[in-house]
Amino acid sequence: MDGVIGFFQDLGPNLQILFDRSPQILQGLQITVLATILGGLLALLISFVFGIAQVVKFSAVRVVARIFVEFFRGTSLVVQLFWLAFVLPQLPYPFGFQLEPLLIGVLALGLNYGAYGAEVVRGSIGSVPKGQYEAISALSLSPARGMFRIVIPQAWALMLPSLSNLWIQLLKGSAIVGTVSLYDLFFQVEQVRDRTGTWFAYLFALLAYYLIAWVIVIIMNGLEIRAKHRIGRGPALSHSWRSLFQAPGATTKEGAVA
């Protein structure tokens, strides 16, 4: 029986079914976490490479970076995933080759969300006060050294709330990797749904993804507090640990941003 009444009536048997399938659920959870971490790291790398490329003086580099960002932002993540899984192997040699399902998911997530992240990096660098660039000239630093020693540390603190939100979006987007034979958490939940009903299975999925998202929030809040403290814009993590559990960008009583 499904629905609210059926949910409570069958709660005990459904929990037993969930327990019996716990090895498969944990395996799916592992795949989801792995795809989220690896996809997030790839997206972060792409964000910095193409975000910084959009603000350099070389016009050709800016054009290439802009084309990349607009292409992957303007096309569907599902289409990108299917293209890597089903079109890429059919391309003529030497361009066509078969990728492992996990690698397909990581690449699709990293490329798509990395394009969005590149805009976050570009905007954060542009938000650094112009006086900081004047300080680079005053200190006789090269543009590259000034970028990584002065501009990036300040932009890093500014971009972390947006990157945190993107990482959570990437987690939720990872639910589609089951369509390319990657047996992630959502795929395993779908298998449970056949025996437990819609209410129980999808409620479990909501709670599971919510808990993973809060782990991401805690990690990113910790990075943001540390980044702001290093540039003198907030207290140390040891003095504002409660901020770890707030939503990204929420202002605390101490004046820090969590």
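User: Which side chain meets R66 in a salt bridge?

Analyst: This is a predicted model. Side chains of opposite charge can pair when their charged atoms come close. Here the partner of R66 is E119, at 2.7 Å from N to O. The pair joins distant parts of the chain: R66 belongs to helix 4 (residues 59-74) and E119 to helix 6 (residues 101-127), 53 residues apart.

User: Is E119 buried or exposed?

Analyst: Buried means under 20% relative accessible area. E119 has 14%, so E119 is buried. R66, at 30%, is partly exposed.

User: Which residue of helix 6 is about one helical turn from E119?

Analyst: That is R122, three residues away in helix 6. R122 also forms a salt bridge with E119, with the closest N and O atoms 3.0 Å apart.

User: How many salt bridges does the whole structure have?

Analyst: The search finds five. One of them links E190 and R193, whose closest N and O atoms are 3.4 Å apart. These two are three residues apart in helix 9 (residues 185-196), which means a separation of about one helical turn.

User: At what angle do helix 3 and helix 10 cross?

Analyst: The axes of helix 3 (residues 22-53) and helix 10 (residues 198-230) cross at roughly 40° and come within 12 Å. The two helices are therefore oblique to each other. Their crossing is right-handed. Helix 3 contributes I25, L29, T32, V33 and T36 to the contact, and helix 10 contributes F204, Y209, I212 and I216. By class, seven of these residues are nonpolar, two are polar and none is charged.

Conventions:
Residues are numbered from 1 along each chain as its sequence is written. This is a predicted model: local features need pLDDT of at least 70, side-chain atom pairs count only at pLDDT 80 or more; totals for chains, interfaces and linings use all residues. Side-chain values use heavy atoms; hydrogens and water are left out. Axes are lines fitted to C-alpha atoms, for helices over the stretch in contact, and angles run from 0 to 180 degrees between N-to-C directions. Helices (H or I, at least four residues) and strands (E, at least two) are DSSP runs, numbered from the N terminus. Angles under 35 degrees count as roughly parallel, over 145 as roughly antiparallel, 65 to 115 as roughly perpendicular and the rest as oblique. A crossing is left-handed if the near helix is turned anticlockwise from the far one by less than a right angle, and right-handed if clockwise. Contact means heavy atoms within 4.5 Å. Ala, Val, Leu, Ile, Met, Phe, Trp, Tyr, Cys and Pro count as nonpolar, Asp, Glu, Lys and Arg as charged, and the others, Gly among them, as polar. A salt bridge is a side-chain nitrogen of Lys or Arg within 4 Å of a carboxyl oxygen of Asp or Glu. Buried means under 20% relative accessible area, exposed over 50%, partly exposed in between (1.4 Å probe, protein chains only).
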